[in-house]
Amino acid sequence: MAENAAKKEKREKIPRQPMPEQEPKVRAKNFDEVPFGYSPEAAVKEAQRCLQCKKPGCVTGCPVEVDIPGFIQLIKEEKFTESIRHIWQKNSLPAVCGRVCPQEIQCEGMCIVGKKGEPVAIGNLERFVADWERENGTGALPPKADPTGKKVAVVGSGPAGLTVAGDLIAKGHEVTVFEAFHKSGGVLVYGIPEFRLPKDIVAQEVNFLERLGVKIECNQVVGRTTTIDELFEEGYEAVFIGVGAGLPVLLDVPGKNLIGIYSANEYLTRSNLMKAYRFPEYDTPIIKGKNVVTLGAGNVAMDSARTALRLGAENSRIVYRRSRTEVPARGAEVHHAEQEGVEFFFLAAPTKFIGDDKGRVIGMECLKMELGEPDASGRRRPVAIEGSEFELECDLVIVAVGTGANPILTQSTDGLSLNKWGYIDVDEKTAKTTKKGVWAGGDIVTGSATVILAMGAGRIAANSMHDYLTLGW
Amino acid sequence: MFKIVNREEMSDGTVVLNDIEAPKIARKAKPGQFVILKANETGERIPLTMAETDPEKGTITVIYQVVGKSTALFKTLQVGDGYQDVIGPLGKATHIEKVGNVVCVGGGTGIAVLHPITRALKEIGNHVTCIIGARTKDLLILEDRMKAASHELHVCTDDGSYGHHGFVTDVLKEVLEKGETQQAVAIGPVPMMKFVSLMTKEYDVPTLVSLNPIMVDGTGMCGGCRVTVGGQTKFACVDGPEFDGHKVDYDELMLRLQSYCENEKQCYEEFCIMDS
């Protein structure tokens, strides 16, 4: 039935509900979440803005195809429990996605309401209903299919692995996740800071899967503690590799090993996983610089620069070799960083690091850059401007220029075809690798990308794995 | 939890041995490999090379010196207690080959790491000369085990309280002078490995050392344990921990080992106050 004119006008007048947030200068000193989350009233109001399109663009924009109009309708009707159950049909980590997805280029980027005004705040709504369930829900679990008696091994407990685990446990298979670290979650726990994704929330999302029956074994390095072939010998019939792109990229310039020069992986793992931000309550230390430089301008660089502020930096600067136009980080992350006081130096790159007599970094020499022709990635190549050397004082440098494929598993597994960068080759439609019974997805296939893309890859793999377990290779 | 099934204190309580129940690791570990241990929720992850493994009993052995809070915390763990997390086996196994005459040099707790390698080199058919050193007699560990693992054992103490009065390099020089050594292995404090390597280089004897940089994950994802070997960056946790002793930048390693000395001091002092 068509909306009547009065109702339509009323709906169109509702502005996008703002997300209440901590003040920038306040939050730059704490590790609490920046957004406070919608109240139920704000959520219901925002839900009213959704047009309930017959051909929802938002769903095509979602890598895991959540039925967005469906869950939003349920919020509108104040049926929050039903809403989260609806999301669970397609997404087992909604509290995570609602916080870290780049909705602006996915669901919200396709929203029709966004063509004329601001899109429906799909991410905020997903977050609202996931948080509501966690705080008020009954803890009831979605239904599971009958046991199939088939055993599945998932290597890596990051977003790709957790998605495969969630999908296959629901289909009745026995699932064990093998995680190298002492805590599960992968990049959700070591890479994304507490102030963007609280670890209690990750733990609860993982716990949800454990309550469904997924077994998680930590401290298992596949490729060392055990191997994929050994897993097959133990009776696992299908294996998913979701180990991520956990190889740091460091700059090859003089002074690169001075004390105080960290890969972003190390800096963030110390702070996020080992909770060095709470040193000495937690034993792992982290260097807290006064003048901090982060090299790179992706989401990881934003996380690093903002963490440095919270750890007491007087200056936290991003130094990026291209310009603002090429910045790969989410607009929202750059915006939050700038509000908090992170400064941006564009078109500059380091040529060497300067140290004191104790081997600690005290400065960085840089060259100014200008943009030339596009390189292989399609982005304009930075070209050094001769004679433009300048120095930046710094006592902590975080190198966040990307990651590569960690070879610990791939080098110790026969039959896996890799590309020249060490990433695993897979069939696009099924996520199958060249090794029988083995699938792969996420950053170990694509190179470093996002949580949601890893989940999308996990979804494709899980479907193919289920077919294999029930029908054959 | 990874339970401690046996515990010994040596060197006046400054060195502790733990046999830890870790069957999966015990079955797979080879000489030269290490584990990462974490005592509890707030503890650090720290690497220790395995001194021994018993696949049948399902146990691994680590021997550590108490040098800071984490090792002091480990020392409080008794038989029946355990480590919350033990991860391994990590690192590349030692390349064991029959080459003829081998000299194995160990200092301090490096002797524990040297032991399984020495034994493997002997078992494969090398003639093994072993030189171990410590500051003083009470700090010398595993003398009997090293004697059994080699054909000839020489002991040195800095203060002359036992064996040769002087450094391991004094005895090493005599061995190398014979001109019959095909391979050397040196494991101990960084300055010791540096000077042993400088010496063996003069005699053209290939030398393996086992490096001990600060580590976090141990699986090659953070780069914290990076060392420069032959001008190239290597990660001790996945490319090592053993490297060509003649190519290691020891001075850089020694500087990087000081990265947290103030934090370490603060933590250790607070722990000692609380623990006393």
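The contact between the two chains takes 45 residues from chain A and 45 residues from chain B, where contact means heavy atoms within 4.5 Å. This is a predicted model, in which local features need pLDDT of at least 70 and side-chain atom pairs count only at pLDDT 80 or more, while totals for chains, interfaces and linings use all residues. Residues are numbered from 1 along each chain as its sequence is written, chains are lettered from A and ligands numbered from 1 in the order in which they are written, and side-chain values use heavy atoms, with hydrogens and water left out.

**The interface**

- About 3700 Å² is buried between chain A and chain B, with carbon and sulfur atoms giving 53% of that area; buried area is the accessible area (1.4 Å probe) that two parts lose on being put together, summed over both.
- R224(A), N257(A) and D283(A) supply 20% of the area that chain A buries against chain B, which is more than any other three residues.
- The rule finds 4 salt bridges across this interface, a salt bridge being a side-chain nitrogen of Lys or Arg within 4 Å of a carboxyl oxygen of Asp or Glu.
- E230(A) and K28(B) meet through their side chains in a salt bridge, with 2.9 Å from N to O.

**Valine 5 of chain B**

- V5(B) lies in strand β1 of chain B, residues 2-10; strands (E, at least two residues) and helices (H or I, at least four) are DSSP runs, numbered from the N terminus.
- Because its relative accessibility is 37%, V5(B) counts as partly exposed, the class between buried (under 20% relative accessible area) and exposed (over 50%), computed with a 1.4 Å probe and protein chains only.
- Not counting residues up to four places away in sequence, V5(B) touches D19(B), E21(B), T59(B) and V79(B).

**Arginine 7 of chain B**

- R7(B) also lies in strand β1 of chain B, and R7(B) is buried, because its relative accessible area is 16%.
- The side chain of R7(B) makes a polar contact with the side chain of E9(B) at 3.1 Å; a polar contact is a pair of N or O atoms within 3.5 Å, where, within protein, one must be able to donate a hydrogen and the other to accept it, and residues adjacent in sequence count only if both atoms are side-chain atoms.
- A polar atom of the R7(B) side chain lies 2.9 Å from the backbone oxygen of L77(B).
- Leaving aside neighbours within four places in sequence, R7(B) is in contact with residues including V16(B), L17(B), K75(B) and V79(B).
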